[in-house]
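Let's sit down together and learn how to read a protein structure. Ask whatever comes to mind, and we will look at each feature in turn.

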Amino acid sequence: MAFHEIRFPANMSFGALGGPERRTEIVELANGFEERNTPWAGSRRRYDAGMGLRALDDLEAMVAFFEAREGMLHAFRWKDWGDYRSAPASGPITAFDQLLGLGDGTNRVFQLRKAYRSGAQTIWREIVKPVAGSVLVAIGRDALTLGVDYEVDATSGQISLARPPDAGAEVQAGFEFDVPVRFDTDLIQISVASFKAGELPKVPVVEVRI
């Protein structure tokens, strides 16, 4: 298996159904109380790529993409139109969107991540597939220059700074990102007659851990 650094056509993922999935184990006790636990540290996304298909040309492109990935064998990039930016949907991406960590005077490498906050709870999601050319970085309130002050590994989401930030300095970033996924089926069944009549094929896609 491998990861192909290619994105599923964004015009075909637009309109796809999907989102985050959690796994919770619930044990109901004899007294009516529950014990809840999860074996997952973070959520995993699932989508149906068939929901974004609108024309016969889309079907042909999807089949070609499926064949090139050899079904479930090879993973690829997916644009989740509902969650692909470091900034709120109503605002522009800036270098101050997300806190990556604090400097210690030694470390120069930081992983991209995104915070999901509600009330007092914050869940951090590691971002491993940023969109090349979209990553902006800042230390404190000073925006940095790509190629001079930092480099971006678009295949892992790691930021390499030219100089280690001072102890306590906030390293921040803004970016667009893709989700690493694979097809969750080795069989795609298509009926052109049904497609013309409005029945879409099911093409399940699932996020992979990298």
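Q: Which residue is the bridge partner of Phe3 in strand 6?
A: In general, strands of a sheet pair through backbone hydrogen bonds, either parallel or antiparallel. Here, the partner of Phe3 in strand 6 is Ala75. Strands are DSSP runs of E with at least two residues, helices are runs of H or I with at least four, and both are numbered from the N terminus. Two strands pair if DSSP finds at least two bridges between them. Strand 1 and strand 6 are joined by two bridges and run parallel.

Q: Before we go on, what kind of model is this?
A: It is a predicted model, in which local features need pLDDT of at least 70 and side-chain atom pairs count only at pLDDT 80 or more, while totals for chains, interfaces and linings use all residues. Residues are numbered from 1 along each chain as its sequence is written, and side-chain values use heavy atoms, with hydrogens and water left out.

Q: How many bridges join strand 6 to strand 16?
A: Three bridges join these strands, and they run antiparallel. For one of the pairs, look at Phe76, whose bridge partner in strand 16 is Val181.

Q: What is the order of the strands in the open sheet of four?
A: The order is 7-15-11-12, with antiparallel pairing. Strand 7 (98-102) and strand 12 (142-143) each have a single partner strand, so they stand at the edges and one side of each has no neighbour in the sheet. Strand 7 is joined to strand 15 (residues 170-174) by four bridges. Within strand 15, Glu170 is the bridge partner of Leu102.

Q: How many salt bridges are there?
A: Here is the idea: side chains of opposite charge can pair when their charged atoms come close. A salt bridge is counted when a side-chain nitrogen of Lys or Arg lies within 4 Å of a carboxyl oxygen of Asp or Glu. By this rule the count is 13.

Q: Which side chain meets Glu5 in a salt bridge at 2.5 Å?
A: That is Lys129, with the 2.5 Å given from N to O. Lys129 lies in the loop between strand 10 (121-126) and strand 11 (136-139), and Glu5 lies in strand 1 (residues 3-7), so the pair ties together parts that are 124 residues apart in sequence. Lys129 is buried at 3% relative accessible area, whereas Glu5 is partly exposed at 40%. For these words the cut-offs are under 20% for buried, over 50% for exposed, and partly exposed in between, using a 1.4 Å probe and protein chains only.

Q: Which residues are linked with Glu5 and Lys129 in a network of salt bridges?
A: The network links Glu5, Arg7, Arg77, Lys129 and Asp178. Is Arg77 buried or exposed? Arg77 counts as buried, at 8% relative accessibility.

Q: What does the side chain of Arg77 reach at 2.6 Å?
A: Polar contacts are pairs of N or O atoms within 3.5 Å; within protein, one must be able to donate a hydrogen and the other to accept it, and residues adjacent in sequence count only if both atoms are side-chain atoms. The side chain of Arg77 reaches the backbone oxygen of Ala154 at 2.6 Å, and also the backbone oxygen of Pro130 at 3.1 Å.

Q: Where are the two partners of the Arg46 and Glu21 salt bridge?
A: Their side chains meet at 2.9 Å, N to O. Arg46 is in strand 5 (residues 44-48) and Glu21 in strand 2 (residues 17-21), 25 residues apart, and the pair links distant parts of the chain. Arg46 is partly exposed at 31%, and Glu21 is partly exposed at 23%.
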